[in-house]
Amino acid sequence: MRTKRRHRFTVSMVAAIAFLTGVFALTPGGHAKENEAAFKARCAECHGPKDILYWGRQRADAAARATWLDQFLRKHYPPSEAERALIIAYIQATIAAPK
Ligand code: HEC
């Protein structure tokens, strides 16, 4: 009896932890890390924050800039489609709120 109850407790703890992990993975903080990691892996070798802010000054309109980056990054050291979205999100966020 005793062992059985303890087992059930463990199962619900595991479920609770899995649930919380899922929730945290969906927070903007989690995405920001992923976006930054993609930029670091693909672009940071050649580009730093100064470059990103410069691209922001070159194209002040965020929507126009997103379109431009989406086209440009299809031929400039092209990342995968999934990474391209993450990288553009990182660039846009950095320009919107410079560190
Ligand atoms: C191996 C080095 C290298 C890598 C990797 C690289 N770039 Fe570049 N990038 C350059 C150089 C050099 C230029 C300047 C070329 C020029 O003046 O047009 C440039 C220019 C740019 C520009 C400005 C283009 C313009 O027309 O003004 C953007 C935006 C850019 N890179 C974004 C990125 C992003 C995002 C990544 C990651 C997916 C990336 N680059 C990866 C070397 C690199």
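pLDDT is the predictor's confidence in each residue, on a scale from 0 to 100. The protein chain has a mean pLDDT of 84, and 70% of its residues reach 70 or more. This is a predicted model, in which local features need pLDDT of at least 70 and side-chain atom pairs count only at pLDDT 80 or more, while totals for chains, interfaces and linings use all residues. Residues are numbered from 1 along each chain as its sequence is written.

**Overall architecture**

- The protein chain contains five helices and zero strands, where helices (H or I, at least four residues) and strands (E, at least two) are DSSP runs numbered from the N terminus.
- Along the sequence, the pattern of the protein chain reads α-α-α-α-α.
- Of contacts in the protein chain between residues at least 6 apart in sequence, 71% join residues at least 24 apart; two residues are in contact if their C-beta atoms, placed from the backbone, lie within 7 Å.
- Buried residues account for 10% of the 99 residues in the protein chain. A residue is buried if 20 or more other C-beta atoms lie within 10 Å of its own, exposed if 12 or fewer, and partly exposed in between, with C-beta atoms placed from the backbone.

**Confidence along the chain**

- Within the protein chain, confidence is lowest in helix 1 (residues 2–25), at a mean of 55, and highest in helix 4, at 98.
- Over residues 22–27 pLDDT stays under 50, and the model has two contacts beyond four places in sequence for them.

- Helix 5 (residues 81–96) has 16 residues and should span 22 Å at 1.5 Å a residue; its end C-alpha atoms are 23 Å apart, which agrees. The expected span is 1.5 Å times one less than the number of residues in the helix.
- The buried residues of helix 5 are Leu-86, Ile-87, Ile-88, Tyr-90 and Ile-91.
- The largest nonpolar core has nine residues: Ala-38, Phe-39, Cys-43, Leu-73, Leu-86, Ile-87, Ile-88, Tyr-90 and Ile-91. Helix 2 (28–42) and helix 5 each supply at least two residues of this core, and the largest share, five residues, comes from helix 5.
- Such a core is a set of buried Ala, Val, Leu, Ile, Met, Phe, Trp, Tyr and Cys residues joined through C-beta atoms within 7 Å.
- Apart from its neighbours within four places in sequence, Ile-91 is in contact with Ile-52, Trp-55 and Leu-69.

**Surroundings of the ligand**

- Arg-42, Cys-43, Glu-45, Cys-46, His-47, Trp-55, Phe-72, Leu-73, His-76, Tyr-77, Pro-79 and Ile-87 surround the ligand; a residue is near a molecule if its C-beta atom, placed from the backbone, lies within 6 Å of it.
- The shell around the ligand comprises eight nonpolar, two polar and two charged residues. Ala, Val, Leu, Ile, Met, Phe, Trp, Tyr, Cys and Pro count as nonpolar, Asp, Glu, Lys and Arg as charged, and the others, Gly among them, as polar.

**Individual residues**

- Tyr-77 lies in the loop between helix 4 (62–72) and helix 5. Tyr-77 is exposed, with 10 other C-beta atoms within 10 Å, and its phi is near 40°, a positive value in a residue other than glycine.
- Ala-37 belongs to helix 2 and is partly exposed, because 15 other C-beta atoms lie within 10 Å. The C-alpha atoms of Ala-37 and Tyr-90 are separated by 9.1 Å, although the two are 53 residues apart along the chain.
- Lys-99 sits in the segment after helix 5 and counts as exposed, with 6 C-beta neighbours inside 10 Å. Lys-99 and Pro-49 are 50 residues apart in sequence and 8.7 Å apart in space, C-alpha to C-alpha.
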